[in-house]
Amino acid sequence: MSSFDLTNNSDDRSSASLDVLRQFTRRREMRPPVEQCELCSSEIAADHRHLLELARRTLICVCIPCSILFGDPGAGQGKYRLVPSRFLKLLDFQMTDEQWDDLMIPVNMVYIFHNTAAQRVMAFYPSPAGAMESTLTLEGWDALVSANPILNNLEPDVEALLINRVKNRGGEQYREHYIAPIDVCYELVGLIRLKWKGLSGGEEVWKAIEEFFERLRARAITVEDSSANTWPTNNPPAWRRG
Ligand SMILES: [Zn+2]
Ligand SMILES: [Zn+2]
């Protein structure tokens, strides 16, 4: 029986239900799985902005109009904050090996941000079990900030200092320092949790980590001088990123 015959079925009820079924299957065939804005349910691209729900520190996926609404400081009524889209690569970041060792990070990656709910600066590293908090003293953070005044400009809760010392590019001395949106740090945690295998992680996870930092590098604005008192502040709109 052809589809023409089916749509011209004299039985109204069965043709109606077939139509519904056909629409449903057509929709499923034609549309790739899409993500939705969690506020207004409109479709969003894979690369989209997030709000941070401050109490639970969870991310909410949002469309461009909703992100613009929440871009206004105070719009989230202290509950939600728009995660910025700023990526800065800090070229001359000052941090001694001693300062690094004090953090006791087992994986050569860490992100550090000011948590206003906890009223302190916190350092986390990605692990197969998710984000793990590492030791960071207030003195340790203050020393980093005084050596790198650009850190005064970190937006609390939603931006982090992200440090990469994974020796996959430049050997032992390889290190990169970024100011990055917190959602990107969560992405790094997620990919390690998802892809880590066995004791050493396995080839797949290390390749994914390398690709993650390649994307970051490509997107970041380079800041030559971390002691500068001026810094790029204007976030390009999400649809012009990349
Ligand atoms: Zn929306
Ligand atoms: Zn999302």
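Biologist: Among contacts in the chain between residues at least 6 apart in sequence, what share joins residues at least 24 apart?

Modeller: Two residues are in contact if their C-beta atoms, placed from the backbone, lie within 7 Å. Of the contacts between residues at least 6 apart in sequence, 61% join residues at least 24 apart. This is a predicted model, in which local features need pLDDT of at least 70 and side-chain atom pairs count only at pLDDT 80 or more, while totals for chains, interfaces and linings use all residues. Residues are numbered from 1 along each chain as its sequence is written, and chains are lettered from A and ligands numbered from 1 in the order in which they are written.

Biologist: How many helices and strands does the chain have?

Modeller: Helices (H or I, at least four residues) and strands (E, at least two) are DSSP runs, numbered from the N terminus. The chain has seven helices and twelve strands.

Biologist: Why is Val 34 classed as exposed?

Modeller: A residue is buried if 20 or more other C-beta atoms lie within 10 Å of its own, exposed if 12 or fewer, and partly exposed in between; C-beta atoms are placed from the backbone. Val 34 is exposed because it has 10 other C-beta atoms within 10 Å. Val 34 belongs to the loop between α2 (12-30) and β1 (35-36).
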